[in-house]
Amino acid sequence: MARKNTAAGTADADRQPVFEDLLAEAEVLAEKMEEGGLSLDESIQAYEKGVANLRLCADLLRTAEEKVQVLLEKNGAFRLEELDARSADSDDGDEDGEDGY
């Protein structure tokens, strides 16, 4: 379920999108469209919002995957590097033949 706004509305506006919230909202929108009670305009708006949420979910998943791939062993200890520290040209994160594990 999507989280309700609190008295600290500005804090909620500054909050980063949460994967679970976006996905839950997309599921609710899909259910509403499947029920068939929405007007054409409402259905289009629900579809657009659902697609936007799913795109954000995909971006969040991609970012999480990149963070996991950046996990490197250094001096016998694992550490997580910021994505900015990696080359922007590296799409697969497997340039040296290692799988990152």
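Helices (H or I, at least four residues) and strands (E, at least two) are DSSP runs that are numbered from the N terminus. In this predicted model, local features need a pLDDT of at least 70 and side-chain atom pairs count only at pLDDT 80 or more, while totals for chains, interfaces and linings use all residues. Residues are numbered from 1 along each chain as its sequence is written, and side-chain values use heavy atoms, with hydrogens and water left out. Read from the N terminus, the elements of the chain follow the order α-α-α-β-β, which gives three helices and two strands.

**The chain as a whole**

- Of the 101 residues in the chain, 12% are buried, where buried means under 20% relative accessible area, exposed means over 50%, and partly exposed lies in between (1.4 Å probe, protein chains only).
- The chain exposes about 8,200 Å², and carbon and sulfur atoms supply 51% of that area; accessible areas come from the Shrake-Rupley method with a 1.4 Å probe, and for residues only the protein chains shown count as cover.
- Among contacts between residues at least 6 apart in sequence, 34% join residues at least 24 apart, a contact being heavy atoms within 4.5 Å.

**Helix α3 and its buried residues**

- Helix α3, which covers residues 40-69, has 30 residues and reaches 43 Å from its first C-alpha to its last, close to the 44 Å expected at 1.5 Å a residue; the expected span is 1.5 Å times one less than the number of residues.
- Ala46, Gly50, Asn53 and Cys57 are buried in α3, and what covers the buried residues of this helix includes α2 (19-35).
- Asparagine 53 counts as buried because its relative accessibility is 1%, and, leaving aside residues up to four places away in sequence, asparagine 53 touches Leu22, Glu25 and Ala26.
- Alanine 58 is also found in helix α3, but alanine 58 counts as partly exposed because its relative accessibility is 32%.
- The C-alpha atoms of alanine 58 and phenylalanine 19 are separated by 8.9 Å, although these residues are 39 residues apart along the chain.

**The salt bridge**

- The structure holds one salt bridge, a term that requires a side-chain nitrogen of Lys or Arg within 4 Å of a carboxyl oxygen of Asp or Glu.
- Aspartate 59 forms a salt bridge with arginine 62, and their closest N and O atoms are 2.7 Å apart.
- Both aspartate 59 and arginine 62 lie in helix α3, three residues apart, which is about one turn of the helix.
- Aspartate 59 counts as partly exposed at 37% relative accessibility, and arginine 62 is partly exposed with a relative accessible area of 43%.
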